[in-house]
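Please look at the structure before reading on.

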Amino acid sequence: RLEATPQYAPGRPYSELKVPPEVHAILATAAGISETGIPKVPYVHQCHALESFIGEGRNLIVATGPGSGKTESFLMPILASMALEASQRARTWGQPAMRALLLYPMNALVNDQLARLRRVFADPTVSDALRGGNPRRARFGMYTSRTPYPGQATPAKDRDRVVAELKKLYFDEMTDEYKTRLKKEGKWPAKDLDSFIGSGLTTSPHDAELLTRHEMQATSPDLLVTNYSMLEYMMLRPLEASIFEQTKSWLHACPDNFLTIVLDEAHMYRGSGGAEVAYLLRRLQSRLQVPRDRIRHIL
């Protein structure tokens, strides 16, 4: 049996979409770099997603077939909203905060998404265009059970759980050719690892990715990728309270700022499990002390 891949309807160029010119510019820049995966001409449903989310301030449910660019349907609105803040609200852009929360039902999907974020937000051209004339770069981080490491930071734990693991994964017997291949595929951290290790795990201003829990607790990433189980734990533990406090301060600093929550594979949240996630998101809103319209969802 032969099964054809469906062809999805192409939409309009970014310049013709009913969104601000800053959005046209950042998406055209990202689309000009093949590694980012941002299409040169978006599909019709991607155009609708951008115009509805950015132009009209609406929540989104994206339901399309395989290979239709559902990931881009939420990455492009997030990229666009961050570009708008950087250009129009430079004061709040300088504040660390969780501007987007990407929730996944399992760690395997989180790891896949991390590669996509590296290819888009860590690209030097996209990163420079996104921040504009501001000194601060956008950052992202994965916060799951695999993120090193739980508890208070100590020099001994840093050495054993972070430095040793990084050397094992990215330095031991690593050829330049293989390193280049991993970077192209988004499987290499968007970070100056030599500087990170040599400075005692200090985040560089040029780093796009935060690798440890303690980096993210000190300075919240703009995009935090996790699963709903870990989000539950984060909201209970004092160690992660700083992430929510920074986000709350940023939201209260300007009425135009809003948190974007993405639920990938939303069809899996059914029955009692779906109800638990719904209550979890309500608790998050309560924790941030903002009304419902200051949080936008993309499912």
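## The crossing of H1 and H3

Helix H1 passes helix H3 in a right-handed crossing, that is, the near helix is turned clockwise from the far one by less than a right angle. Helices here are DSSP runs of H or I with at least four residues, strands are E runs of at least two, and both are numbered from the N terminus. The model is predicted, so local features need pLDDT of at least 70 and side-chain atom pairs pLDDT 80 or more, while totals for chains, interfaces and linings use all residues. Residues are numbered from 1 along each chain, and side-chain values use heavy atoms, without hydrogens and water.

H1 covers residues 21-31 and H3 residues 70-88; they pack at about 125°, with axes 9 Å apart. Axes are lines fitted to C-alpha atoms over the stretch in contact, and angles run from 0 to 180 degrees between N-to-C directions.

## The largest core

The largest nonpolar core has 48 residues, of which Ile 78, Leu 79, Phe 121 and Leu 130 touch the most other members. Such a core joins buried Ala, Val, Leu, Ile, Met, Phe, Trp, Tyr and Cys residues through side-chain atoms within 4.5 Å; buried means under 20% relative accessible area with a 1.4 Å probe, protein chains only. H3 gives the largest share, ten residues.

Another core, of 27 residues, lies apart and includes Trp 250.

Definitions and conventions. Buried < 20%, exposed > 50% of the residue type's maximum accessible area, 1.4 Å probe, protein only.
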